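Dear colleague,

I am passing on the structure we spoke about, together with some notes on it. Please look it over before reading on.

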Amino acid sequence: MRGAVFLALTLSSLFAQSTQKVSVVGDATYLIAGPICSGSGVVPVGVKCPIKGDIAIESCLPSLRSSSNGKCVAPVDAACKKIPSGAWGCVWSNADVPATTKGSDAITYPPTTSVVGMEHVVMFKWKNSTNATAIDAVGKAIIALKDKIPGIVDLSYGEDFVKTRNNGYTHMLVVRLEKKEALPVYTSHPEHVKVATSLKEMAESIMGLDFDSPRFTPTK
């Protein structure tokens, strides 16, 4: 019995110490020893986050605050905190993040505030009878909606350039709305109804989804 308990504790310890991927909110993905910060309960499942000096293994972009000389390096210890989605996640402490120097340019990052908006995503598969001229015209009408309907934070529309994995859906619309309540305002707006009517006539199939989009924006 004691042997079984010892084995269970040993396996549990090894599992907890195994390396796992964890992303820092608004930053890259790191590989660290677990148990990583995660979960959505009153307390996190784990509390481990990247610490100062850790090097990211994925999603490193030049625009990130951890970016330095072609790689992403944790500028400070990340903390396990509740994030806007309600889950536990790793975040940098803005007050502790130093300026990042790239060449002769020093970049400082302003304090941020969390904003919970939503994304409205739609994909279009055109009928064989729909020609390029009509697709171009409706695309311009879609883009023009950004300045006509309240509640739109950003709007993007374009054609897939990979073309090998879209299952016939060649164009996509992504609308960022300031809050969920803005969605019915958007869909019922006369300008949207007009464009949507044309799209239904032109498309063989339309696929859409809507989801919450927690994000961080600079405070003013």
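The notes below go from the whole chain to single residues.

This is a predicted model, in which local features need pLDDT of at least 70 and side-chain atom pairs count only at pLDDT 80 or more, while totals for chains, interfaces and linings use all residues. Residues are numbered from 1 along each chain as its sequence is written, and side-chain values use heavy atoms, with hydrogens and water left out.

The protein has four helices and 12 strands, where helices (H or I, at least four residues) and strands (E, at least two) are DSSP runs numbered from the N terminus. Of its 220 residues, 31% are buried; buried means under 20% relative accessible area, exposed over 50%, and partly exposed in between, with a 1.4 Å probe and protein chains only. Among contacts with a separation of 6 or more, 61% are between residues 24 or more positions apart, a contact being heavy atoms within 4.5 Å.

Helix H2 (residues 132–144) and helix H4 (residues 190–202) have axes that come within 10 Å and cross at roughly 155°. This makes H2 roughly antiparallel to H4, since angles under 35 degrees count as roughly parallel, over 145 as roughly antiparallel, 65 to 115 as roughly perpendicular and the rest as oblique. The axes are lines fitted to C-alpha atoms, for helices over the stretch in contact, and the angles run from 0 to 180 degrees between N-to-C directions. On the H2 side the contact is made by Ala134, Ile135, Val138, Ala141 and Ile142, and on the H4 side by Val195, Ser198, Leu199 and Met202. These residues divide into eight nonpolar, one polar and no charged, where Ala, Val, Leu, Ile, Met, Phe, Trp, Tyr, Cys and Pro count as nonpolar, Asp, Glu, Lys and Arg as charged, and the others, Gly among them, as polar.

His171 belongs to strand E11 and is buried, because its relative accessibility is 8%. Its side chain makes polar contacts with the side chain of Trp126 at 3.0 Å and with the side chain of Thr170 at 2.8 Å. Such a contact is a pair of N or O atoms within 3.5 Å; within protein, one must be able to donate a hydrogen and the other to accept it, and residues adjacent in sequence count only if both atoms are side-chain atoms. Leaving aside neighbours within four places in sequence, the residues in contact with His171 include Ile135, Tyr157 and Glu159.

Gly89 sits in strand E6 (residues 88–91) and is likewise buried, with a relative accessible area of 8%. Beyond its neighbours within four places in sequence, Gly89 is in contact with Cys37, Ala79, Cys80, Lys81 and Ile83. Gly89 and Ser23 are 66 residues apart in sequence, yet their C-alpha atoms are 7.9 Å apart in space.

Most residues other than glycine have a negative phi, and most peptide bonds are trans. Gly34 and Pro35, however, are joined by a cis peptide bond with omega about 0°, and Pro35 lies in the loop between strand E2 (29–33) and strand E3 (67–68). In the loop between E2 and E3 there is also Ser59, whose phi is positive, near 60°. Lys163, in the loop between strand E10 (152–159) and strand E11 (171–177), has a positive phi near 70°. Ser59 counts as partly exposed at 47% relative accessibility, and Lys163 counts as partly exposed at 47%.

Best regards
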